[in-house]
Amino acid sequence: MHKKNTQILSSEEHDLDQAATLLLAGQLVAFPTETVYGLGADARQGQAVAAVYEAKGRPSFNPLIAHLPSIDAAQRYVQWSAQAQTLADAFWPGPLTLVLPLRQDHGISPLVTAGLDTLAVRIPAHPTAHKLLALVDGPVAAPSANPSGRISPTTAAHVSAGLNGRIAAIVDDGACGVGLESTIVGLATPQPILLRPGGLAAEEIEAVLGHPLMQRDAHDALTAPGQLLSHYAPNEQVRLNAMQAKAGELMLGFGAMACDLNLSEAGDLAEAAANLFGHLHQLDALNKPIAVAPVPTHGLGVAINDRLHRAAAPRN
């Protein structure tokens, strides 16, 4: 583990070369994607992946997503299918993760898959992430670059606040555009299943597939990242579906209303998604309970509510 300060790298080519060299050497490097900042490790190196769990304090039964630069690269590690090709053609690069059976000769550390025989793969759309992954030319396991269970990071400053001194470097390329993790679809079963709502609305995926996605039971065994019930948790309690703040609470609004911070005054779910974690970070820094206005449960609102319910879940 790194005890000295974490290096801040730019998105310039010479800095990305350095970031790729660090990853291939088994070091941890945080980098931006269009969803959130990821904490990257070479998915083929067990010690590097273990260092991700250590840096995050992440439960070892929660699988990680392998980020790749191309469909060809993904096919080296998973058993491809016609459904995977259909969804990849429509949505990659982008905020969609596909869970597929591992190839026999995959070489992926079992820490990445949490011992499962499937792997979650994604091609991020962020140009800096894409350049870095192409330089590594291999699978980079990258959960969100934050201490486990805390609010996900959408800027390099968020990453530094949680992980400075624990990781080798952070590639800083501004704020993330989507601000919400990827949607995860399981393709290891005969019927595609929505394993986690996210930055790509399920309705869009269903339109391309031509049929509804199966829905996962919240009490099923963990099969994909981001399924823990208490997750994305601020320091203080979170109260959902609040019309106004109580004494001592901070108000996170949606739509036109009186509040401390507003996810989207216009009631725009894409704007709310992009603001969600950043606004929670700002309110969390004030160390007061947070009341959250109701957010509609359609489109990206499904994923926003999923994150909010995890943030508000009882802590052990």
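**View 1. Angles under 35 degrees between N-to-C directions count as roughly parallel. In this predicted model, the axes of α9 and α10 cross at roughly 25°. The two helices are therefore roughly parallel to each other. Their axes come within 9 Å. Side chains from α9 and α10 meet in the contact between the helices.** On the α9 side are L269, A270, A272, A273, L276 and F277. Facing them in α10 are L300, G301, I304, R307 and L308. The residues of this contact divide into 9 nonpolar, 1 polar and 1 charged. An α-helix has 3.6 residues a turn, so residues three or four places apart point the same way.

**View 2. Helix α10 is mostly covered.** This helix runs over residues 300-312. Its 13 residues should span 18 Å at 1.5 Å a residue, and the end C-alpha atoms are 19 Å apart, which agrees. Of the 13 residues, 11 are buried. Among them are A303, N305, D306, R310, A311 and A312.

**View 3. V121 is buried in strand β6.** The strand covers residues 118-122. V121 has 0% relative accessibility, so it counts as buried. Beyond its neighbours within four places in sequence, V121 is in contact with I65, A66, L68, V78, W92, L96, T97, L98 and L100. R239 lies elsewhere: its C-alpha atom is separated from that of V121 by 34 Å, and the two residues are 118 apart along the chain.

**View 4. A cis peptide bond joins W92 and P93.** Omega is about -5°. P93 lies in the loop between α4 (82-91) and β5 (96-101). W92 is also one of the residues in contact with V121. Most peptide bonds are trans.

**View 5. D137 has a positive phi.** The value is near 50°, in a residue other than glycine. Most residues other than glycine have a negative phi. D137 lies in the loop between α6 (127-136) and β7 (140-141). Its relative accessibility is 39%, so D137 counts as partly exposed.

**View 6. N241 has a positive phi although it is not a glycine.** The angle is about 55°. N241 is found in the loop between β12 and β13 (250-253). At 48% relative accessibility, N241 counts as partly exposed.

How values were computed. Residues numbered from 1 in each chain as written. Predicted model: local features only at pLDDT ≥ 70, side-chain atom pairs only at ≥ 80, totals over all residues. Heavy atoms only, no water. Helix = DSSP H or I, 4+ residues; strand = E, 2+ residues; numbered from the N terminus. Buried < 20%, exposed > 50% of the residue type's maximum accessible area, 1.4 Å probe, protein only. Contact = heavy atoms within 4.5 Å. Expected span 1.5 Å × (residues − 1). Axes fitted to C-alpha atoms, helices over the stretch in contact; angles between N-to-C directions. Parallel < 35°, antiparallel > 145°, perpendicular 65-115°, else oblique. Nonpolar A, V, L, I, M, F, W, Y, C, P; charged D, E, K, R; others polar.
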